[in-house]
Amino acid sequence: MDGVARRHVGVEPAEVDGPRVKTDHYRWVILTLAVLTQVTGSVVAQGFYTLVPFWREAFHVSTATAALGVTALNGGQILTMMHLGRLIDRYGERVVVSSTKIICGVLVLLGAAFATNFVELLVLIVAVGAFYAAVQPGGTQAIISWFPPKERGVATGLRQAAVPAGTFIAASTLPLLAAHVSWRAAFVAQGAVSIVSGALFWGFYREKYDASLRVARGAEVPFRAIVGWICSTPGFLRLTVAGIVMSAFQFTITTYAIPYISTELRVSIVAAASIFAIAQFVGMPSRVLIPWLSDRIFPGRRLLSLGVCMLGGVVSLLGLTLLPSGSSWIAEVTVLGALGLTAIGWFPLFILQVAELSHAGAASATVALSWMTCMMAMTVVPYLFGILAADVGYGTAWALLSLPVVASAISLLASPRVQSVR
């Protein structure tokens with residue numbers, strides 16, 4: 001990794017891009033912008049999930065075909081996330097994040113005005129996903145730059161809690177708007193939200209970085225160097241594997257929990273959805289609570305905290321599989337709440353540790369690469385799980401899904417203390 005300066009923990013950033021601001025207070029403005037960006041990004045991207053039934057009716061396609069919109073969104077992100085992360089490292093978050101948010105808004109508005117068939121809509125959604133991909137690496141770098149290590153856990157948790165919060169807002173408003181007006185009206189609302197949030201990010205965000213980062217600013221770190229850094233940095237490969245298996249674990253549970261509860265526990269689909277909603281609700285504050293507890297119980301040991309959280313997720317899933325048919329709703333809600341706490345709350349620990357161990361001058365690109373591998377897992381594994389569950393049953397399928405999580409968690413618990421590089 002020669003020739004690339006490294007940032008160290010405890011080095012106080014020396015410069016701010018833009019008007020001088022008081023670091024002690026302005027970091028909360030930065031966090032507010034990061035949360036707002038994540039919430040509004042979720043309203044746009046996750047809001048597409050809520051509009052699938054309306055696309056089916058509008059374009060006279062099957063539910064499976066309409067659901068290709070979700071695949072198109074993820075595909076667009078996978079195509080560009082690494083490149084956008086590298087652009088953020090070179091030119092800063094203010095330019096890249098604000099411009100991509102505005103472009104996303106414009107694209108959605110164009111879709112509302114001109115999309116006349118489902119193929120055109122899919123092309124639009126791929127383009128939206130391609131620009132939306134800047135949100136994930138951008139906000140993480142903001143927290144690393146502005147917050148000291150002891151505050152990053154809670155700050156990252158608040159930002160990540162914005163994802164389910166944005167999804168909740170989208171699910172509460174967009175279907176109503178689409179039902180009473182049209183899906184195009186929902187698109188107009190999404191586009192306006194994205195443009196306004198992008199403008200706010202441009203107006204109030206300030207870049208902050210230390211002198212060592214300035215050496216690397218504007219110089220692109222080769223992809224090979226980033227991969228080499230991941231492979232050579234103590235604990236980074238174990239962390240990457242943990243992110244992959246937990247992404248597969250979380251999104252497989254998200255995909256199959258409702259049909260499993262309905263069929264295996266013999267409750268109505270509406271009741272199953274309501275019980276599962278408890279897990280999602282608990283998952284929102286858990287993204288703040290778990291990093292907060294980690295910073296106080298295991299300060300500086302995020303890998304250890306992540307390993308404990310992963311094992312908690314497996315135990316919670318085991319509890320779900322052991323529930324008998326006709327069990328009480330209290331038992332079902334308790335188990336699903338525990339599953340939401342662990343299977344959703346793990347992510348801030350992962351993404352923050354990735355950022356703290358990342359290659360100097362390539363933090364956003366490293367976060368983007370890690371998140372991109374996770375997205376591949378969350379796209380492929382649920383499909384494979386469905387085939388397996390249909391062939392051998394849910395019990396065996398859940399066990400096989402859990403084995404890699406247990407193995408990865410044990411490797412994290414057994415790993416030596418890892419020192420963050422920033």
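**Stop 1: salt bridges**

Select Arg302 and Glu356: their side chains meet in a salt bridge, 2.8 Å from N to O. A salt bridge here is a side-chain nitrogen of Lys or Arg within 4 Å of a carboxyl oxygen of Asp or Glu. The pair links distant parts of the chain, with Arg302 in helix H15 (residues 302-322) and Glu356 in helix H17 (residues 347-357), 54 residues apart. Helices (H or I, at least four residues) are DSSP runs, numbered from the N terminus.

This is a predicted model: local features need pLDDT of at least 70, side-chain atom pairs count only at pLDDT 80 or more, and totals for chains, interfaces and linings use all residues. Residues are numbered from 1 along each chain as its sequence is written, and side-chain values use heavy atoms, with hydrogens and water left out.

Are Arg302 and Glu356 buried or exposed? Arg302 counts as buried, at 6% relative accessibility. Glu356 is buried too, at 2%. Buried means under 20% relative accessible area, exposed over 50%, and partly exposed in between (1.4 Å probe, protein chains only).

How many salt bridges does the structure hold? There are three. Go to Glu151 and Arg27 for another: the closest N and O atoms are 2.9 Å apart. Glu151 lies in helix H9 (residues 149-180) and Arg27 in helix H1, so the pair ties together parts that are 124 residues apart in sequence. Arg27 is buried, with a relative accessible area of 13%.

Now pick Arg56 and Glu57. Their salt bridge has its closest N and O atoms 3.9 Å apart. Arg56 is partly exposed at 31% relative accessible area, while Glu57 counts as exposed at 53%.

**Stop 2: a positive phi**

Move along to His60. Its phi is near 55°, a positive value in a residue other than glycine. His60 sits in the loop between helix H3 (52-59) and helix H4 (63-66). The residue is exposed, with a relative accessible area of 73%.

**Stop 3: the nonpolar cores**

Select Leu306, Met310, Leu320, Phe350 and Trp398. These have the most contacts inside the largest nonpolar core, which has 80 residues. A nonpolar core is a set of buried Ala, Val, Leu, Ile, Met, Phe, Trp, Tyr and Cys residues joined through side-chain atoms within 4.5 Å. Centre on Trp398. Leaving aside neighbours within four places in sequence, Trp398 is in contact (heavy atoms within 4.5 Å) with Thr252, Ile253, Tyr256, Tyr260, Leu317, Thr321 and Phe385. Apart from this core lies another, of 31 residues, among them Leu107, Val108, Val135 and Ala178.

**Stop 4: Gln190**

Gln190 is in helix H10 (residues 183-204). Its relative accessibility is 0%, so Gln190 counts as buried. What does Gln190 touch, not counting residues up to four places away in sequence? Show Val43, Val44, Gly47, Phe48, Leu51, Val108 and Leu174. Check the C-alpha distance to Val43: 6.7 Å in space, for residues 147 apart in sequence.

**Stop 5: Thr37 and Val97**

Thr37 lies in helix H1 (residues 23-45). Thr37 is buried, at 5% relative accessible area. Not counting residues up to four places away in sequence, Thr37 touches Val97, Lys101, Val135 and Phe201.

Step across to Val97, in helix H6 (residues 93-114). Val97 is buried as well, at 2%. Gln136 is 39 residues from Val97 along the chain, and their C-alpha atoms are separated by 9.6 Å.

**Stop 6: helix H16**

Select residues 329-343. This is H16, with 15 residues and a reach of 20 Å from first C-alpha to last. That is close to the 21 Å expected at 1.5 Å a residue, taking 1.5 Å times one less than the number of residues. Colour the buried residues of H16: Glu332, Val335, Leu336, Gly337, Leu339, Gly340, Thr342 and Ala343.

**Stop 7: a nonpolar surface patch**

Finish with Leu289, Trp292, Leu293, Ile297, Phe298, Val308, Leu341 and Leu413, which make a nonpolar surface patch of about 630 Å². Patches are made of residues with over 30% relative accessible area and no salt bridge; nonpolar side chains (Val, Leu, Ile, Met, Phe, Trp, Tyr) are joined within 5 Å, like charges within 9 Å. Accessible areas come from the Shrake-Rupley method with a 1.4 Å probe, and for residues only the protein chains shown count as cover. Helix H14 (residues 269-297) gives the most to the patch, with four residues.

How values were computed. Helix = DSSP H or I, 4+ residues; strand = E, 2+ residues; numbered from the N terminus.
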